[in-house]
Amino acid sequence: MRVGIVGGGIVGLFTSYYLLRRGVNVTIIDTDPAGGRASENNAGFIVSTASKPRLSLSLLARAVLGFQAPVRVSLARLVRNARWFLKVSRSYGYGDDIIAKIARRSLDLYIEFLSSEGIDVDLVRGVISAFKKWEDAVMLAKSIGGRVLDERDLRDHGYIGLGGGVYVEEDLSINPLKLYWGLRKRVEDLGARVVIDEVRRIRVDEKGVVVIVGKGSTEHDYIVISAGSRCGEICRSIGYNPMVEPARGIVILHRTKRAGLISSPALLEDYGVAVAQHGSELLRVTGFFELIGHRVKIDRRLTGWLIGIARKHVKNYGEAEPYTVRMGFRPCSADLLPVIGRIPSYKNIYIATGLCRLGITMAPIAGKIVSSMILGESPPMDQEILSAISPARFGGRKVQAL
Ligand SMILES: Cc1cc2nc3c(=O)[nH]c(=O)nc-3n(C[C@H](O)[C@H](O)[C@H](O)COP(=O)(O)OP(=O)(O)OC[C@H]3O[C@@H](n4cnc5c(N)ncnc54)[C@H](O)[C@@H]3O)c2cc1C
C-alpha cells in the first residue's frame with residue numbers, strides 16, 4: 001500500500017510513524033518552509049487539561065476594535081471569512097469535553113512513544129497554570145484537579161507577581177524543535193521517502209490519487225492531507241472545504257547560561273503567555289492568537305509586550321537574552337475541534353488538521369486515528385468523538401469516488 005502524506009508537520013509525521021510501523025510505503029511531501037512551521041514554533045506543552053480557545057462574539061468584536069491580548073483579529077480577515085467567524089462564535093462553550101478526552105488519550109501515546117523511541121526532547125514533567133488572582137487558581141483546580149500553588153510556591157518555581165497557580169504533574173513540556181526533528185529522523189530511518197516540493201493540486205484517476213507538485217507529480221493508493229493551516233488551499237482542487245483558519249502565534253527564543261531560571265514551565269493564564277526553559281541554553285516565551293491570515297510581518301509592539309510580561313513575572317528574566325523571534329500558524333477549524341477522517345465522497349483521501357492550539361498534544365492520537373482508518377482497523381476512540389471530529393460536518397461536493 002502506498003500512502004502520500006501531504007504536509008509533514010507534526011501531524012503528518014505521527015501519521016507516517018504509525019503507518020511505517022505497520023509496513024506501509026510512505027511518501028511525505030512538504031515544502032520545508034524556511035521560516036519554520038507551527039510544529040517547530042510553539043510552546044511545547046503536552047497537556048491533558050486544556051480547553052478550546054474562548055472566542056465569543058463579544059470577545060471577537062473587542063479584538064477587532066483594539067488590542068485584546070492575547071487575541072487579535074483583523075477587520076479585513078473578519079470580512080473575508082465572515083462565515084468562519086460566525087461559526088466559531090456559535091461553537092462557544094461546545095466541545096471542551098471532546099478535546100479533554102482526545103488530549104488525555106494522546107498523552108498516553110506520548111509516554112509510550114517517548115519511552116520506546118528514546119528521542120531526547122528536553123522532557124520536563126509538570127506544568128503550571130498561573131494566575132494573578134489566587135481565587136482563579138482555586139476555581140481551575142476544582143475543574144481539572146492538580147495542586148494549588150500560592151504566591152510563595154510560585155516564587156520557588158521562579159515566578160513573581162502572581163497570586164496562585166495549579167500544578168498538574170502529569171502534563172509535559174518538551175522542546176518542539178527536538179521533537180519535530182527527532183521524529184522526522186525516525187520516520188526517515190523507518191523508510192519514509194521525503195519529497196521537498198509544494199503541492200499544487202490533487203486529482204483522482206484510475207491509478208489512485210495523483211498529487212501534483214511544483215516539479216511533477218506523485219501517485220498513491222491513499223493520501224492524508226495534513227498541511228496545517230494550508231489545508232483549505234490544498235483541498236480546493238477536490239471540492240472540499242475543511243474551514244480552517246490560521247491563528248498566528250509568536251515565539252521569542254532567549255539564550256540562557258544556566259538551567260533552572262524557572263523550575264517548571266508555566267502558562268500565565270491572564271495573558272495567554274507560555275514560558276518554558278529547555279536545558280541550560282534556551283528560554284522560550286510564546287503568546288498571541290492572531291486571526292490575521294498568513295501575515296508574516298511582526299509588529300515590534302507585539303514582541304515588546306511579550307518581553308514585558310516575561311520581565312514582569314519571571315524572577316530571573318534578567319539572565320536571559322532574546323535572540324530570535326519566530327511565528328507559527330495554528331490550524332483552527334470553524335468549531336475549533338479537529339478535522340480527522342475520510343473526506344466525504346472520496347474513498348482514498350483523508351484529512352488530519354484543525355488541531356488549533358493543541359496540535360503538539362493531539363498529534364499522536366490524530367496520527368493513530370487516521371492510520372487505523374487507512375489500515376481498515378477500528379480507530380482507538382469512541383464513535384461519538386469520531387463523529388464530532390469527522391470531516392463530513394463541513395460538507396463536501398458530491399464527487400465520483402474511485
Ligand atoms: C505560538 C504557538 C504556541 C503553541 N503552543 C502549543 C502547545 O504548547 N501545545 C500544543 O499542543 N500545541 C501548541 N500549538 C499548536 C501546534 O503547534 C499546532 O497545532 C501544530 O503544530 C499543527 O501541526 P500541523 O502538522 O497540523 O501543521 P504544521 O506544523 O503547520 O505543518 C504543516 C506542514 O504542511 C506543509 N505544507 C503546507 N502547505 C503545503 C503545500 N502546499 N505543499 C507541501 N507542503 C505544505 C508545511 O510546510 C508544514 O510542514 C502552538 C502553536 C503556536 C503557533
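## Salt bridges across the model

A salt bridge here is a side-chain nitrogen of Lys or Arg within 4 Å of a carboxyl oxygen of Asp or Glu. By that rule, Asp30, Asp32, Arg37, Glu40, Arg184 and Glu188 are linked in a network, and a search of the whole structure finds 23 salt bridges. Please keep in mind that this is a predicted model, where local features need pLDDT of at least 70 and side-chain atom pairs count only at pLDDT 80 or more, while totals for chains, interfaces and linings use all residues. Residues are numbered from 1 along each chain as its sequence is written, and side-chain values use heavy atoms, with hydrogens and water left out.

Asp221 and Arg2 form a salt bridge, with their closest N and O atoms 3.0 Å apart. The pair links distant parts of the chain, 219 residues apart: Asp221 sits in the loop between β11 (216–220) and β12 (222–225), and Arg2 in strand β1 (residues 2–6). Helices (H or I, at least four residues) and strands (E, at least two) are DSSP runs, numbered from the N terminus. Asp221 is partly exposed at 30% relative accessibility, and Arg2 is partly exposed at 28%. For these labels, buried means under 20% relative accessible area, exposed over 50%, and partly exposed in between (1.4 Å probe, protein chains only).

Lys178 meets Asp122 in another salt bridge (3.1 Å, N to O). Lys178 belongs to helix α8 and Asp122 to the loop between α5 and β5 (124–131), 56 residues apart. Lys178 is partly exposed at 32%, whereas Asp122 is buried at 18%. Arg203 and Asp205 also pair up, their closest N and O atoms being 3.6 Å apart; Arg203 is partly exposed at 39% and Asp205 is buried at 14%.

Domain 1 brings 35 residues to the contact and domain 2 brings 31 residues, where contact means heavy atoms within 4.5 Å.

Together the domains bury about 2600 Å², 60% of it on carbon and sulfur atoms. Buried area is the accessible area (1.4 Å probe) that two parts lose on being put together, summed over both. Asn41, Phe45 and Ser229 supply 24% of the area that domain 1 buries against domain 2, more than any other three residues. The rule finds 1 salt bridge across this interface. Glu170 and Arg104 form a salt bridge, with closest N and O atoms 3.0 Å apart.

## Two buried residues

Ser39 is in the loop between β2 (25–30) and β3, and Ser39 is buried, with a relative accessible area of 10%. A polar atom of the Ser39 side chain lies 2.9 Å from the backbone nitrogen of Ile10. Leaving aside neighbours within four places in sequence, Ser39 is in contact with Gly9, Ile10, Pro176, Tyr180 and Ile360.

Ala366 lies in helix α11 (residues 359–374) and is buried, with a relative accessible area of 1%. Not counting residues up to four places away in sequence, Ala366 touches Val11, Ile340 and Leu355. The C-alpha atoms of Ala366 and Ile309, 57 residues apart along the chain, are separated by 33 Å.

Note on methods: A polar contact is a pair of N or O atoms within 3.5 Å; within protein, one must be able to donate a hydrogen and the other to accept it, and residues adjacent in sequence count only if both atoms are side-chain atoms.
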